[in-house]
Each structure stands twice: as C-alpha cells, then as structure tokens.
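User: I would like to learn how to read a structure with two chains. Please take me through some features one at a time.

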Amino acid sequence: MDIRTAQALVRFGLGRRGAEPLPSDPAAWLLNQLHQPDPTRFDDQPTTAKGLTALRDDRANKPPPGESQVAALFKAQATAQLGNAVTTPAPFRERLVWFWTNHFVISRRQGGCAAVAAAFVEEAIRPHVTGRFQDMVLAVMRHPAMLLYLDNAQSFGPDSPLGQRSHRGLNENLARECMELHTVSPLAGYSQADVTSFAKILTGWSVDLKADPPGFVYRPTAHEPGVQTVLQQQFPADEAGGVAALRFLANHPATHRFLATKLVRHFVADDPPPDAVRAIEWVLRDSEGNLGAASAALVRLDAAWQPLKKLRTPQDLVVASVRSLDLPPDVVPILGILGGLGQPLWTAPAPNGWPDRAADWAAPEAMLRRIDWASGFAGRIGDRDVLEVADNTLGPLLRPETQEAVRRAGSRREAMTLLLTSPEFQRR
Amino acid sequence: MNISRRTALLGLATSATLGGANLALAAAPTDKRLVVVILRGALDGMAAVVPYGDPGLAALRGPIVPPAPGQPEGLLDLGGFFGMHPSLAGLHGMVAAHEALAVHAVAGCYRVRSHFEAQDYLESGADHRMTSGWLNRVVAALPAGGSARPEGEALAVGVSVPLLLRGPAQVANWAPHGFSQPAPDLYATIAALNQHDPVTGPAIAEGLRARGFSAAVMAGDSDAPKDKYAFPTLARAAGEMLRAPDGPRIAALEIGGWDTHTAQVRRLPGVLKQLDDGLVALKTGLGPAWAQTAVLVMTEFGRTARVNGTQGTDHGTGTVAFVLGGAVAGGKVWATWPGLAAEQLFENRDLAPTTDLRAVAKGMLAAHLKLDAAALGRVFPGSDGVAPMGGLIRV
C-alpha cells in the first residue's frame with residue numbers, strides 16, 4: 001500500500017475493511033464514489049411516515065419503556081445505519097453523510113426526534129450529499145426531525161389566525177440556528193431583527209401527526225402575514241417566501257465561506273489552512289453550492305495528502321476497528337459502544353453537533369475509555385496475525401515502534417490492543 | 001542433580017482434610033467441575049515455584065530470587081527444595097491443605113518461543129494449530145443427555161471465547177457489562193507508545209494518573225485500582241456459575257501480564273497476587289462444589305533460566321503448571337527435576353522440560369471426568385505415547 005492510498009482510506013474513508021482490494025488510483029477511487037449513485041440499501045427503509053406513526057401510537061398507548069415502538073425503531077434503524085458504515089463500498093460517501101448529518105444535527109435528546117432520526121438521514125441528507133446545498137437545506141428545514149428538534153412545529157405567527165386565537169407566538173429557535181449554524185453563520189453580521197423576521201417567515205412550517213401519513217405540513221393559519229426582511233432582502237408571505245429565504249441564505253457568500261471552513265476542518269486539519277478554505281469556497285460559489293463539486297475539490301487539495309493530523313472520533317474509531325478485522329456488521333454492538341465512548345449516535349448534546357477538533361475528544365478519561373474498549377474488542381482478533389492486520393489497515397502509516405510493540409506483545413489480544421490504541425490508528 | 005517424582009512431597013498426611021460430605025457430593029460424574037486457567041504471556045515457572053534448593057539457581061538469577069523461606073518476604077516453603085513465591089500465599093495454603101499441587105519442569109509438545117504460536121498449540125492441544133480447542137473436545141466427549149442446559153456444558157469467562165474452548169460443542173460466554181480494563185503493564189506500554197504524540201500522549205498520561213495508576217502501579221509496585229473485569233472478580237463469578245446445580249460444568253478463564261522481559265521483581269508480584277486472589281475467589285464462589293472441582297492453571301511456555309540484561313527474563317521452555325481443587329490429591333510439587341547446570345538446561349538457556357503438559361491434562365480428564373483412552377486420543381490427537389499422569393485426583 002502506498003502512502004496516498006493509506007491516506008485516502010483513512011482521511012476520506014472509514015478505514016480499510018480487512019484486506020479488501022486497494023484502489024490503483026486513490027484520488028480517482030474517491031472521485032468515482034461521488035459520481036456513482038449511493039449504493040446504500042436498507043431492508044427496511046426508514047421513512048418519516050413510519051417513524052411518526054410509531055410516535056403517534058406510543059403517545060396514544062403509553063407503553064412501558066421496554067415496549068416502546070419508537071425505541072425499537074430507533075435501535076433497529078441506528079444499528080442498520082452503523083452496519084452500513086461497516087460494509088459500505090463507498091466510505092467517502094458515507095463520511096459525507098456523517099458530515100452533513102452532523103452539520104444539520106438533530107438529536108434524540110429532544111422528544112420525538114428518535115422516531116425520525118434515520119428517516120432524516122435517508123430523506124434529507126443522503127440524497128443531497130453530492131447535490132446542491134440549497135436542496136439539502138430545504139429538505140432539512142421541511143423535515144419533521146428538524147421541525148421537532150428546534151421547536152418550529154410549535155412556532156406561531158403572533159398575527160396569524162391561529163396565533164391570535166390561541167395567544168401563542170414565535171419560537172425563533174430554528175430560525176436562529178439555521179442562520180447561525182446551518183447557513184450564513186455570524187460571519188454575515190445579521191441582527192436580532194433579521195432572526196425575528198426569519199422566524200416569522202418560517203411560521204407555519206410544522207408537523208402533522210394526525211394526518212395519514214403523518215409528516216410535514218405547511219399551516220397557512222399559523223403563518224405570520226406580511227413581507228419580511230432578512231439581511232436587506234425582502235421575502236413575501238406564505239410558504240414560497242420561506243423557500244425563497246432559504247435559497248437566499250443557502251447561496252449567500254458567507255455560507256460558502258462557512259461551509260468551506262467546516263469541510264476543510266473536517267477532512268484536512270483542526271486548524272483549516274486558509275488557502276484550502278479559499279479553494280473550496282470558490283468552488284461552492286462558482287458551482288452555486290454544488291456539494292459534489294466541493295467534495296471533489298477537497299480530494300484535489302494538496303493539504304488533503306499531507307500527514308494525517310485529525311483525531312478519529314469514537315464513531316470513526318469503532319467503525320474503523322470493526323472494518324480492520326473484517327467483522328460482520330452484526331457481531332459488534334456498535335450502538336451501545338458509542339454511548340460508552342461518549343458519542344451516542346444521533347444524540348449530540350446541542351444544535352452545533354459533535355465537535356470537530358481533537359482537543360474536544362482527547363479528554364484524559366475519554367482516551368482511557370478508548371483504551372479500555374479496545375482491550376476488550378481486541379479479543380475478537382481470534383487466530384489472526386496482528387502484524388498482518390496492522391499492515392492491511394495502516395500500511396505505511398504503521399510506525400516501526402508500534403510494529404515492534406505488536407511483535408513483542410504477550411498475546412494476540414494485547415498486540416491488537418496496542419495496534420488499536422496506537423497514535424497512528426487514532427488518526428484520520 | 002535429579003530429584004525424582006514425589007520426592008518433593010510435603011510431609012503432611014494426605015487424608016486429614018477430606019470429609020465425608022465431600023465424598024458424598026462427588027457421586028455423579030456430571031457433577032464434576034473442570035476449570036482451565038490460561039496464563040497468557042508465559043509465566044516464569046522458576047519465579048512462581050522457586051527451586052531454591054538447587055545450587056545452580058543463584059548463579060543464573062540471583063538478583064530476582066526472593067529471600068529463602070523464613071526470612072522477611074521470603075519464599076513459602078514447599079518441602080525443602082521448592083518454595084512458592086510470597087505473592088501466592090492463597091495457593092500455598094491450598095497446597096498445605098492437600099488441595100493443590102504444582103507440576104514443575106512442564107512444557108507442551110512444541111518448542112517454539114512465539115507467544116502466539118505457542119498459545120495456539122497450548123489451546124489446540126497439539127503441535128500444530130487446530131480449528132478447535134482441546135477443552136471443547138472434552139465437552140464433546142462428555143456423556144450426552146446428562147444436562148438440559150441449552151447454552152451448553154461449558155462457559156468462557158471474559159469478552160471472547162478462547163481457542164481452547166472453540167469448536168463444534170456449544171459454549172456459553174459471560175462477561176460483566178461495560179468495558180474491561182487492560183493490565184497495568186499494558187497501560188504502561190500504551191502510554192509509552194503514545195508519549196510523543198501531542199494529542200494522545202498527555203491525555204493518556206493524565207487519564208491514568210487520575211484513575212490512580214501512578215508510576216508505581218504501572219511498574220507493579222502497588223496494587224491497581226479496582227476493576228470489575230479483574231481476574232479475581234471474573235473467577236468469583238465463574239465459581240458461582242459453576243456452583244449452580246444447573247450451571248455449566250466446564251469453564252475457561254484467562255489472565256495476561258506474564259511477559260516480564262524487564263524489571264521482573266517489580267512487575268511479577270502484582271500479577272501473581274491477581275492470580276492468587278482469583279484462585280481463592282474461584283474456590284469461594286464454588287462453595288460446596290469445590291469438592292467436585294479440579295482446576296488446571298497453564299501457560300504457553302516458561303522463561304529463560306538466566307536473568308537478562310534488563311532484570312527480566314526472555315521467552316523460554318520449561319515452566320510450572322498448577323492443579324488444584326477439592327477433588328485434587330494435592331500437597332506436593334510434582335517434578336522430575338532436570339537441574340540447572342549449563343549442560344542440564346534446554347539449549348543451555350531454558351529449564352529443560354521433563355513432563356509433558358498433556359500428561360497432566362490427560363491425567364485429570366481420565367480420573368476426574370472418566371474419559372477413556374479413545375476419548376483422550378480425540379482430545380489430544382497424536383498423544384498416544386503420552387500416558388495420563390496418575391495420582392492427581394482423589395479416588
């Protein structure tokens with residue numbers, strides 16, 4: 001394995017799976033994943049209708065915790081999602097799905113989100129990771145998972161018929177986070193008035209649990225009447241005004257700068273090199289927010305082929321570990337492990353998602369938990385040759401001192417523990 | 001010098017501690033319990049059971065030999081020639097109670113010094129790697145229909161099933177919830193491998209410190225913090241499961257940390273104590289079922305007779321094995337002692353093996369589980385020339 005191949009597999013992928021065939025041209029292998037359709041298929045495809053129906057039934061039947069439909073659905077879907085990460089032949093695409101899912105994070109910490117978390121990924125994120133950013137924004141903002149997570153389902157125009165009748169008003173949570181975390185970011189210099197106006201624009205974007213099938217609904221009777229101004233742009237009332245405002249925010253130059261910074265931080269380095277950020281920013285601007293083009297530009301960055309500096313998150317680490325031993329996806333309870341390592345799936349603590357800097361993951365106890373987990377997981381090495389596993393998974397990234405420690409270890413399990421806890425395996 | 005078998009017997013009466021209740025409980029063959037403990041990483045047999053009576057010992061490894069019996073922190077005597085390491089006080093007490101014995105200068109039927117290959121052979125029960133372990137084949141050889149246990153007669157304790165218990169016969173697996181913790185010396189190696197990394201290095205060092213793994217703990221100078229995956233905890237749990245009337249009858253446990261290439265005097269006592277505590281905990285957990293129990297403690301090979309350049313020992317050949325349990329005719333060190341003069345060492349390097357580990361295991365299986373010659377041949381293929389060792393189990 002040459003160094004570029006090793007970097008491509010780790011920096012842009014999820015780690016090599018066993019001794020899977022190596023690409024002859026690593027950059028072309030990555031770009032090809034962007035050009036080919038997403039190969040992901042689920043036996044039981046998650047849908048919003050299925051999730052919300054389960055949520056509605058649970059709320060009506062109030063089952064004991066062990067019999068909750070939503071809990072069962074969440075577990076099955078999350079497990080399937082992680083299993084897909086273990087087996088996917090298009091790991092760069094999967095990494096992009098993870099990246100954008102974390103950019104537009106939803107969390108089961110908010111009641112109801114668990115029911116539609118997988119549907120959110122499959123309906124709002126995955127179809128758009130190589131498409132246009134504005135389409136992803138629109139899909140996200142209309143998705144019940146996001147509308148429930150950031151309370152917009154309960155936001156009423158104060159002057160709308162429903163607002164007047166019920167004396168309920170604005171909840172600007174989604175509007176603020178959409179501007180601050182999803183699109184223009186504080187770089188755009190918006191004011192509280194802009195946030196309030198945008199919140200009014202989004203009133204009426206809600207979730208209908210009673211409909212058949214339940215799902216997104218635009219409620220004109222909850223929508224604030226009148227023209228609104230956001231960042232000096234005027235938007236008409238009604239749903240079309242919201243769509244126009246989202247397109248405006250999605251294509252704003254500040255959005256391109258913000259997304260470029262996050263993409264480069266994620267795939268290159270915690271401190272993104274300014275020229276690399278600029279390169280991605282220009283691609284986003286010139287392509288009108290084409291995420292496939294931006295992803296391809298990441299692969300072409302010189303900085304993307306420098307030594308790996310990022311620290312794998314727990315999710316990266318566990319999936320890469322399972323792939324390194326070429327284990328079937330169903331033998332390792334990844335979902336539970338992620339909780340123990342501090343990154344439970346789709347359960348981020350706040351709307352800014354999981355952090356993307358090493359310092360946030362390298363807390364002392366967190367690192368020790370990685371070691372403890374690795375020492376248990378390493379028991380799955382069975383009768384395999386750890387040096388061979390090390391060579392397969394890391395190739396030229398393996399340091400001589402780690403190789404020597406693996407060679408000298410007292411058991412295969414200890415040797416595998418040393419490989420999984422080596423600094424080079426922690427990197428991506 | 002050559003001390004023949006049984007000459008190292010303790011001067012204790014062999015029947016004194018055997019009560020009638022124990023005999024009554026041992027009636028049905030299916031009530032027998034068999035436990036195998038794998039010491040991964042190669043126990044230095046001459047450090048666990050020290051041949052302090054051998055005149056060649058001091059020249060080979062004087063700096064790492066504990067004081068003679070009777071001196072402060074000295075060896076625990078085993079009949080005037082051998083002494084048990086002071087960290088094995090519990091096991092020494094079992095020898096004194098005639099329910100444990102040591103087999104010295106023992107080795108498997110292979111002569112490799114790779115941990116991984118040797119562990120494979122140790123668990124396969126052959127001089128090559130097989131797809132099943134010998135203990136699994138023991139399960140298959142047990143009379144069928146005696147148990148309604150859907151999960152099988154055998155139990156692997158820990159997060160994985162060792163090769164020893166893998167194979168066609170069904171095996172249950174048990175481990176506590178949550179993450180295990182590696183042994184302090186593995187933590188130390190991990191910390192060393194990460195020490196120059198600007199991110200992981202300081203975090204791991206601080207994490208270990210915060211958890212109470214001082215430099216002294218990692219060097220083996222003081223006890224490690226409590227760990228629910230620690231060997232004594234697992235051994236206690238295994239004992240309790242084996243004790244249950246409808247529980248498993250055969251169990252495998254393992255404990256690592258024996259690969260003492262450096263600073264053996266500091267690193268070995270901690271892991272010996274873990275083993276000792278674990279064997280006592282196993283007995284406690286088994287309760288009355290201890291009387292029907294035989295335990296084999298084995299390691300993949302021994303270590304060099306001479307101390308190396310870093311106050312440790314390197315991979316060797318002959319070592320010690322322990323047989324213990326209420327069903328064991330203990331109270332002795334069983335050895336055809338090869339001597340420690342240069343020409344008596346194996347390849348002028350290791351304790352020469354004079355007893356085949358398969359003879360020990362076959363002796364236990366024949367007398368304790370009543371396996372016949374044909375079954376023993378299936379358990380240890382190619383061992384027809386190795387006769388089962390007699391006298392290990394009370395009759």
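This is a predicted model: local features need pLDDT of at least 70, side-chain atom pairs count only at pLDDT 80 or more; totals for chains, interfaces and linings use all residues.

User: What radius of gyration does chain A have, and what would a compact globule have?

Analyst: The radius of gyration is taken over C-alpha atoms, and the globule rule is 2.2 Å times the number of residues to the power 0.38. For 428 residues the rule gives a value near 22 Å, and the 23 Å of chain A agrees with that. The C-alpha trace of chain A spans about 75 × 55 × 40 Å along its principal axes.

User: What share of chain A counts as buried?

Analyst: A residue is buried if 20 or more other C-beta atoms lie within 10 Å of its own, exposed if 12 or fewer, and partly exposed in between, with C-beta atoms placed from the backbone. In chain A, 54% of the 428 residues count as buried.

User: Which domains does the assignment give for chain A?

Analyst: Domain bounds come from an automatic or database domain assignment. For chain A it gives domain 1 (22-142 + 252-305), domain 2 (150-250) and domain 3 (314-426). The centres of domain 1 and domain 3 of chain A, taken over C-alpha atoms, are 23 Å apart. Two residues are in contact if their C-beta atoms, placed from the backbone, lie within 7 Å. The contact between these domains takes 19 residues from domain 1 and 18 residues from domain 3 of chain A. On the domain 1 side, helix 4 (69-87), helix 5 (91-103) and helix 13 (253-267) of chain A each give two or more residues, and helix 4 has the largest share, with eight residues.

User: How many residues does each chain bring to the contact between chain A and chain B?

Analyst: Chain A brings 31 residues and chain B brings 33 residues. On the side of chain A, helix 19 (364-377), helix 21 (400-408), helix 22 (412-420) and helix 23 (423-426) each supply at least two residues. Helix 19 of chain A gives the most, with 10 residues.

User: Is strand 10 of chain B enclosed or open, and why?

Analyst: In a regular strand the side chains alternate between the two faces of the sheet. Strand 10 of chain B (residues 319-324) is largely enclosed by the rest of the structure, because six of its six residues are buried. Thr319(B), Ala321(B) and Val323(B) lie on one side, with Val320(B), Phe322(B) and Leu324(B) on the other.

User: Which strands pair with strand 10 of chain B?

Analyst: Two strands pair if DSSP finds at least two bridges between them. Strand 5 (residues 100-107) of chain B runs antiparallel to strand 10 of chain B, joined by five bridges, and Leu101(B) stands opposite Val323(B). Strand 9 (residues 293-299) of chain B also pairs with strand 10 in the antiparallel sense, over three bridges; here Val297(B) stands opposite Phe322(B).

Technical notes. Residues are numbered from 1 along each chain as its sequence is written. Chains are lettered from A and ligands numbered from 1 in the order in which they are written. Helices (H or I, at least four residues) and strands (E, at least two) are DSSP runs, numbered from the N terminus.
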